[in-house]
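Here are some notes for a first look at this structure. Please keep the model open while you read.

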Amino acid sequence: MPPPISIYDSPAIDRLRAELKFEPRRLRALRTAYFKKCLGVDAALTELPEHVRNQFSDRVQFHLLTPAESHDSQVDGATKLVLKTPAGYAIETVIMRTGTGRVSLCVSSQVGCAAACGFCATGQMGIAKNLSAAEMLDQIVLAGERMHAEGRHVRNIVFMGMGEPFHNEAAVYDVVAALLAPTLFHHTPGRILISTVGIPDAMIRCARRFPAVNLAISLHSVRQTVRERLIPLAIKYPLDELRRAVVAVNSIQQNTLMIEYLMLAGVNDSLADAHEFATWLQGLNVHVNLIPYNPIATAPELRSTERPERDAFAAVLREAGFITTIRYSLGADIAAACGQLVQSENREIARRQAIGATS
Ligand code: SAH
């Protein structure tokens, strides 16, 4: 018996169709049902001619992630799905149902993260393993099926879960290509957002390849020393280089780039910081998203900026002409808010695999 073919491996699925000799339109219908409408495996299979249905389902692997846990927030519209990869790692995907009825999905690109930002629980996991494109796409389909069951659909897809998307650049591009493909998800590019810690070359490559897809940078400070303390990778990618990359991205794409700014009391939230920030942003096509800090166990010294200071900070930016919004993360009660995604048992799995690999 040959190994199963992943439904996410489009060329191999096309070859299987030729081998089983059924019409291309039947495969198109299956893909529409599975990827675009997220109707589930059984409903998708009914699109195939009856005489090949069993052979197709025997040879093809649909979901490769195993749902392990699901937590619904009791205070807002968030649901956190914990999914197991074939290697046994637990990853997290967060469904965010907003008040307007729209659904955003926060997708993980890695198990852990090498960026190791001190304020982020994922960065403190101490491992970083890339997810495959299929493992990212399956998060989207599984969440999509759940939304279908509720009579909703996923409108926005944000790469803001565990991991640094540009440390897994090739696979993330495969995911975006599949999301945009008319024969697969046919998702609107403007409803995809990739958030990065700030890797200049990758941002430019991404804008060139997918000019209509949105980019966001986790800036968090325009003072080099402060930023280095918050984000170790800032040493490798200094602020002036990052700013040049934003200028380049602005010249390639029409989209307004999102600048994320985590607000930490006494660290980066003074009025002087706000003015410096506004000066740094001059001339850029950006909007600012201020992020209240969600406390994490490994950074007890950090505190969120209080509301009056945050509003004063926002006012400076708005007066300087920048659209400034404040992010209200959902799911704090189920540890699903920004920066809270962590699965510590992954460390043990990584350790066992490392031992297995060397013995
Ligand atoms: N690696 C990417 C995407 C993942 S994090 C990036 O750095 O952008 C998504 C956002 O959540 C980032 O802006 C990140 O800085 C922010 N974040 C991380 N930890 C947080 C915390 N404890 N509270 C609030 N936001 C946090």
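1. Start with the sheet. In this predicted model, 10 strands form an open sheet with mixed pairing. The strand order is β3-β4-β5-β6-β9-β10-β11-β12-β13-β14. The edges are held by β3 (66-72) and β14 (324-326). Each has a single partner strand, so one side of each is left without a neighbour in the sheet. From one strand to the next, the twist averages 25 degrees.

2. Next, look at one strand pair and a helix. Helix α11 (residues 307-319) packs on the sheet. The helix touches β12, β13 (286-292) and β14. The direction of α11 makes about 175 degrees with that of β13. Strand β12 (residues 257-263) also pairs with strand β11 (residues 214-218). Their pairing is parallel and runs over three bridges. Ser218 stands opposite Glu260 in β12.

3. Now the aromatic rings. The model has 12 aromatic pairs. One of them joins Phe22 and Phe56, edge-to-face. The ring centres are 6.1 Å apart, with 75 degrees between the planes. This pair links distant parts of the chain, 34 residues apart. Phe22 sits in the loop between α1 (10-20) and α2 (24-36), while Phe56 belongs to helix α4 (residues 50-59). Both residues are buried.

4. Tyr34 and Phe62 make another edge-to-face pair. Here the centres lie 5.2 Å apart and the planes make 65 degrees. Tyr34 is in helix α2, and Phe62 is in the loop between β2 (60-61) and β3, so the pair ties together parts that are 28 residues apart in sequence. Tyr34 and Phe62 are both buried.

5. Which residues form one aromatic cluster with Phe22 and Tyr34? The cluster also takes in Tyr8, Phe35, Phe56, Phe62 and Phe185.

6. Arg243 lies over the face of Trp280. The distance to the ring centre is 5.9 Å.

7. Finally, check Asn346, in helix α12 (residues 345-358). Is Asn346 buried or exposed? Asn346 counts as buried because its relative accessibility is 0%, and the cut-off for buried is under 20%. A polar atom of the Asn346 side chain lies 2.8 Å from the backbone nitrogen of Ala90. Leaving aside residues up to four places away in sequence, Asn346 touches Tyr89, Ala90, Val111, Met125 and Ile127.

Key. Residues numbered from 1 in each chain as written. Predicted model: local features only at pLDDT ≥ 70, side-chain atom pairs only at ≥ 80, totals over all residues. Heavy atoms only, no water. Helix = DSSP H or I, 4+ residues; strand = E, 2+ residues; numbered from the N terminus. Buried < 20%, exposed > 50% of the residue type's maximum accessible area, 1.4 Å probe, protein only. Polar contact = N/O pair within 3.5 Å; in protein donor to acceptor, adjacent residues only side chain to side chain. Contact = heavy atoms within 4.5 Å. Pairing = 2+ DSSP bridges. Axes fitted to C-alpha atoms, helices over the stretch in contact; angles between N-to-C directions. Phe/Tyr/Trp six-rings, centres within 6.5 Å; stacked < 30°, edge-to-face > 60°. Lys NZ or Arg CZ within 6 Å of the ring centre and 35° of its normal.
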